[in-house]
Amino acid sequence: MERQAPVPRSEQQKAVQKAESKAKRRAAHKAARKNPKHPLAYFVKIEIGMALLMLLAVVLLTVLIYLTASGSVAREPFATLLDLSGLVPVLAFGVCLSAYLQRKTVLGRKVADFQWMYYCVPLAAVQWLSRLFSARASSSAAWQVVHILACVLAVAAFFVYLAFFLRAAVETDAQKRRKALNILFCIALAGYCFSLLLTALRGGFANASTYALVQAAVQAVCFFALLFGGFFGMYRLPKLKVLWLYILPILYCVLPSVFSVAKKWIAA
């Protein structure tokens, strides 16, 4: 059996130096990670920055589709691409936000547990604010101003709710974490139900088409299943964690676009 030639000392030294350099870079990166003294304020700041990046991405995609279509986005497949471009912030927001926090802070990987919920759950909790005065917005200029202020309040409430959601997600005490999450899920459930109530009181369901009713029913079932996973499923049925924390939130987010595209293709 042939013996392997010994590794030259110079190469051994290079390998050791390379390993030491890599270890130093990792240590420096770890030391540079932030440990926010005021996590809620820090979260809100990062959320707003991430939301602006997602908005910029949508604008760039829209412009790109418009230029590719030579200004005629009403024809296919550009109209469908334009509809689907709205999924960019919906799907990327939570993932990019959790990835940034993992890389730049000491919060750990738990922040990624609910990354697919970081958009849809806060939105469900606060969207009733923007709908509260929408019916009267066209009646006078004063009500338009009130409606705009309510929309601004809804955006602010979204970021505040998400900040509490992030803080609950990174809580190290399991009991406190579950308690905080349950409170937030209750708020989301109440907000979603109140939005449905507002729609019903204004005749939105009575005047809706069968297609719109089916869409609303499917979305409601998906959202309630999502919350069931948040309340009980991920604790009592942990083997279905992918369903509770990934599939259902993604499905709830993409359903409006899927229904919109399906309606267009069926009508065609």
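**Notes on a helical chain**

1. Let's start with a pair of helices: α5 and α6 are roughly antiparallel to each other (angles under 35 degrees count as roughly parallel, over 145 as roughly antiparallel, 65 to 115 as roughly perpendicular, and the rest as oblique). Their axes cross at roughly 160 degrees and come within 8 Å; axes are lines fitted to C-alpha atoms, for helices over the stretch in contact, and angles run from 0 to 180 degrees between N-to-C directions. Residues are numbered from 1 along each chain as its sequence is written. Please keep in mind that this is a predicted model, where local features need pLDDT of at least 70, side-chain atom pairs count only at pLDDT 80 or more, and totals for chains, interfaces and linings use all residues, while side-chain values use heavy atoms, with hydrogens and water left out.

2. On the α5 side, the contact includes Val121, Leu123, Val126 and Leu129. On the α6 side, Ala150, Leu153, Tyr161 and Phe165 are among the residues taking part. Contact here means heavy atoms within 4.5 Å.

3. Now for the overall picture. The chain has 9 helices and 0 strands (DSSP runs numbered from the N terminus: H or I of at least four residues for helices, E of at least two for strands). Of its 268 residues, 32% count as buried (under 20% relative accessible area; exposed is over 50%, partly exposed in between, with a 1.4 Å probe and protein chains only). Among contacts with a separation of 6 or more, 75% join residues 24 or more positions apart.

4. α7 and α8 (residues 210-236) pack at about 165 degrees, with axes 10 Å apart. That angle makes α7 roughly antiparallel to α8. α7 passes α8 in a left-handed crossing. Contributors from α7 include Arg178, Leu181, Phe185 and Leu189, and those from α8 include Gln219, Phe223, Leu227 and Tyr235.

5. Two of these residues deserve a look together: the charged end of arginine 178 sits over the ring of tyrosine 235, 3.9 Å from its centre. The rule asks for NZ of Lys or CZ of Arg within 6 Å of the ring centre and within 35 degrees of the ring normal.

6. Which neighbours does glutamine 219 touch, beyond those within four places in sequence? They are Tyr192, Tyr252, Leu255 and Pro256. Glutamine 219 lies in helix α8 and counts as buried because its relative accessibility is 15%.

7. How many aromatic pairs does a search of the whole structure find? It finds 20 (ring centres of Phe, Tyr and Trp, the last by its six-membered ring, within 6.5 Å; planes under 30 degrees apart are stacked, over 60 edge-to-face, the rest tilted). Tryptophan 128 and phenylalanine 194 form an edge-to-face pair, 5.3 Å centre to centre with 75 degrees between the planes. Tryptophan 128 is in α5 (residues 120-131) and phenylalanine 194 in α7 (residues 174-201), so the pair ties together parts 66 residues apart in sequence. Tryptophan 128 is partly exposed at 25% relative accessibility, and phenylalanine 194 is partly exposed at 33%.

8. Tyrosine 161 and phenylalanine 165 form an edge-to-face pair, with 6.3 Å between centres and 80 degrees between planes. Because they are 4 residues apart in helix α6 (residues 141-169), about one helical turn separates them.

Key. Left-handed = near helix turned anticlockwise from the far one by under 90°.
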